[in-house]
Amino acid sequence: MTPTLTQARRKRLVAVAFEHPRASRMPEQPATSTQSALDIGTATDVGRVREANEDSFFAVRPAGGDGEALVAVADGMGGHNAGEVASALAVQALQQILDDSESTVAADTLLTRGLELGNRSIWDAAAEDIEKEGMGTTIVAALLDADGQAIVANVGDSRAYMFTGGTAKLLTVDHTWVNQQVRAGQMTHDEARLSPFRNLLTRSLGTAPRVEIDLFRGLRLEAGDALILVSDGVTGYLEEADFSTILHSASDAQEAAERLVEEAVQRGGADNATAVVVRRR
């Protein structure tokens, strides 16, 4: 069954979007007698090279008890701080769609509408300000319910990984020129990682009037499984084995998110690094 958000639960959701330069925690939720089935952790870091953090992340969860979660990571691009604007507009669009949608709207429709609205918002904002011309953002977003059913949407090279059975596996497909070459057999994975064109995107939000969105349906987290969303400031340094090791040893989702970001920064930190981890208890 495709997960949806009920109107009653939407009124109890808490949303957070960050562009902080150092690792950040989500605010503590009010103590309740019922533990949420979904444990959420978030972290971001400006890294060792960049002056500003152009990543934004978004997490929505019930104020208490079991319920759904909507999470996203966006990695902005563009001069004059426009990348920060683009990624923030992308996550704000998700919030707006969540607020405006009826309870009967299916998860894939909600995510698609959210990313399409983000695309239009960024495109229109760039058209109104010459200093923001050409700005855009990648985004990966997921909607999960208390039973562990999930759907993921992505545009660009921010990624989603599934951690299940003690192993992390890449779920999404990068929309980059080098990944096209890898998939066509023209470049190896190692060559793609070292290519000077590795950051050349073939899709992003806000750089064209319309956007094509990839959707990944039929996902389910069992107890102990996790969904991991990250910007390329993390995946530029960590492999699937690193994700597996960190998720296996972390005591909770917050520790996992922080360790993913910290490890990426320690290994180089040439880009902003952001992670959101949703783990089913």
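Student: Which residue in β11 is the bridge partner of Ile228?

Tutor: Val277 is the partner of Ile228. Keep in mind that this is a predicted model.

Student: What makes β10 and β11 a pair of strands?

Tutor: Pairing needs at least two bridges between two strands. β10 and β11 are joined by 5 bridges and run antiparallel, so they meet the criterion.

Student: And why is β8 called an edge strand?

Tutor: The open sheet has 5 strands in the order β2-β11-β10-β7-β8, with antiparallel pairing. β8 and β2 (38–45) each pair on one side only, which makes them the edge strands. From one strand to the next, the twist averages 20°.

Student: What lies across this sheet, and at what angle to β8?

Tutor: Helix α7 lies across β7, β8, β10 and β11, running at about 140° to β8. Also packed on the sheet is α8, which touches β2, β10 and β11 and makes about 25° with the direction of β2.

Student: Which residues of α7 are called buried, and why?

Tutor: In α7 (residues 240–249) they are Asp242, Phe243, Ser244, Ile246 and Leu247. Buried means under 20% relative accessible area, so each of these residues falls below that cut-off.

Student: What does Leu115 touch?

Tutor: Leaving out residues up to four places away in sequence, Leu115 touches Leu94, Ile139, Ala141, Ala153, Val155, Leu205 and Ile213. In the largest nonpolar core, of 32 residues, Leu115 is one of those touching the most other members. A second, separate core has 23 residues, among them Phe243 and Ala275.

Terms used
Residues are numbered from 1 along each chain as its sequence is written. This is a predicted model: local features need pLDDT of at least 70, side-chain atom pairs count only at pLDDT 80 or more; totals for chains, interfaces and linings use all residues. Side-chain values use heavy atoms; hydrogens and water are left out. Buried means under 20% relative accessible area, exposed over 50%, partly exposed in between (1.4 Å probe, protein chains only). Helices (H or I, at least four residues) and strands (E, at least two) are DSSP runs, numbered from the N terminus. Axes are lines fitted to C-alpha atoms, for helices over the stretch in contact, and angles run from 0 to 180 degrees between N-to-C directions. Contact means heavy atoms within 4.5 Å. A nonpolar core is a set of buried Ala, Val, Leu, Ile, Met, Phe, Trp, Tyr and Cys residues joined through side-chain atoms within 4.5 Å.
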